[in-house]
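Here are my notes for a first look at this structure. Have it open beside you as you read.

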Amino acid sequence: MSKVEVETKIELIQKRKKKIIGIAFDKSQKIRKSIQKHRKKILEDTQKLIDETDPQLTEEGVQKITKKGKIYFRSLKAFNPFLHFINTQMTKLKIPEGKKQLTSSELNQFVRNLSRLVNDINKEKAQVDAIMGLDFMLKKRGIYAAFAKITSELNDLRDLQKEEYSVVKAIEDLESIVRDIENIQVKTKQLEEEQNNLEAELKLAEESLNAKEEIRTALVTNPLISNSRQRGIRMTELEIEIGTHLNSFKKIFKKYAREVQRGSLSGEFGLVNTALSYEENPVRKFLEEPENNPEISALMEELMAVGEASLHLKQKNILNLSRALKNIQNGKIDPQKNEWHELKQRKIKDDTSTEFKKINGELNICENEIKGIEENITGIKENISLRSREMTNLSESLENRQNRSMEITEEVMNQP
């Protein structure tokens, strides 16, 4: 929806409801003038009574009214502060009297302020009336009459808000929608420009990434690099294979070491150290062992000897230890171990060569650059997505304002 369409609705309402709008402004002005007149009357009367009653509350004044009795004195003590309260409240009340055409917001604010004043005075009035005797009936009559008229005029303002001024408010709401549409259109255009720039930036980044990927592919496929990486992969595979034989015993190694350290089980110092090493990293410790794997063999033999009675191991754990020990003693894990060491030696030799270091350095730089570009691309895509969501929200907001402008126009035009 364009702002022109809403502006057309405003012009239509202004034309069709011109008379009602004029009545709204005239009534508002007349009521405010009347409130100002009664406010002036209350200020004059309260000040006159304050000048009369203040001296009566001095020490000298109290002596003069002693004959009038306690009821009069109690009434005076209630009435005098009440006069000051009303005078202060009425003095603080700001009446927008000089402006004929109040906006609905200005009228609403005035009605709120006046409502608060009326409520506050009524509360004080109720308390004071419960105390004051007949002596003050005539004194307060003029103030109360003027205040009652202000209260009545407040009700007139509230009726005006609901009736004629509803047209004024409708026009102001539509004018607000026009401003919203302008802001939405400006913001949408800004977001579209930002998104176009981001998409151009994304295209350049993706082209740069493709170029770096080609360089990386060329470096990775170099025999020195590819062979080194394949050896590393194979070494990891071998470590996993070896781990399937040893990792399941980590808790048993830990239990044995703790029991010996506590003194609840006797054991050799060397076996305890072996148990602690195998608890931390069984595969690494096994690969460090000399030929025939004497340390793990001795440890497993010891565990099988003391496991059931002293460590309270389950029978299946004893069987698993026995099976693993036989595999180690029969050299079933040695092929993986030997292959791992051979690969390690070849990898160290190749990886320390000048040519490998040069190519690997270029590869590391290239991969870091790729990582940076990928992070940049992710950030750009997130920003594009964010702006897309913002534009969707703005579009929905524009549609909501379109619907609202139609509702406002229909409500006003259907009013009698």
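1. Start with Glu369, which is found in helix α15, residues 354-413. (Helices are DSSP runs of H or I with at least four residues, strands are runs of E with at least two, and both are numbered from the N terminus.) Glu369 counts as partly exposed because its relative accessibility is 34%; buried means under 20% relative accessible area, exposed means over 50%, and partly exposed is in between, with a 1.4 Å probe and protein chains only. Leu76 sits 293 residues away from Glu369 along the chain, and 90 Å separate their C-alpha atoms.

2. A word on what you're looking at. This is a predicted model, where local features need pLDDT of at least 70 and side-chain atom pairs count only at pLDDT 80 or more, while totals for chains, interfaces and linings use all residues. Residues are numbered from 1 along each chain as its sequence is written, and side-chain values use heavy atoms, with hydrogens and water left out.

3. Now the whole chain: it has 15 helices and 0 strands. How does its radius of gyration compare with that of a compact globule? The chain has 47 Å, whereas a compact globule of 416 residues would be near 22 Å; the radius is taken over C-alpha atoms, and the globule rule is 2.2 Å times the number of residues to the power 0.38. Along the principal axes, the C-alpha atoms fill a box of roughly 125 × 65 × 40 Å.

4. Of the 416 residues, 38% count as buried. Among contacts (heavy atoms within 4.5 Å) with a separation of 6 or more, 81% come from residues 24 or more positions apart.

5. On charge, there are 72 positive and 68 negative side chains, and the centres of the two sets are 10 Å apart. Here Lys and Arg count as positive and Asp and Glu as negative, with His and the chain ends not counted; each charge is placed at NZ of Lys, CZ of Arg, CG of Asp or CD of Glu.

6. Arg141 and Lys3 are 138 residues apart in sequence, and their C-alpha atoms are 56 Å apart in space.

7. The buried residues of α13 are Ile318, Leu321, Ala324, Leu325, Asn327 and Ile328. What covers them includes α8 (223-246), α9 (250-262) and α12 (294-306).

8. Look at Asn327 within that set: is it buried or exposed? Asn327 is buried, because its relative accessible area is 16%. Beyond its neighbours within four places in sequence, Asn327 is in contact with His245, Lys332 and Ile333. Just after α13, Gly331 takes a positive phi of about 75°.

9. Finally, two loop residues. Most residues other than glycine have a negative phi. Asn292, in the loop between α11 (282-288) and α12, has a positive phi of about 75° although it is not a glycine. His312, in the loop between α12 and α13, also has a positive phi, near 55°. Asn292 counts as exposed at 60% relative accessibility, and His312 is exposed with a relative accessible area of 62%.
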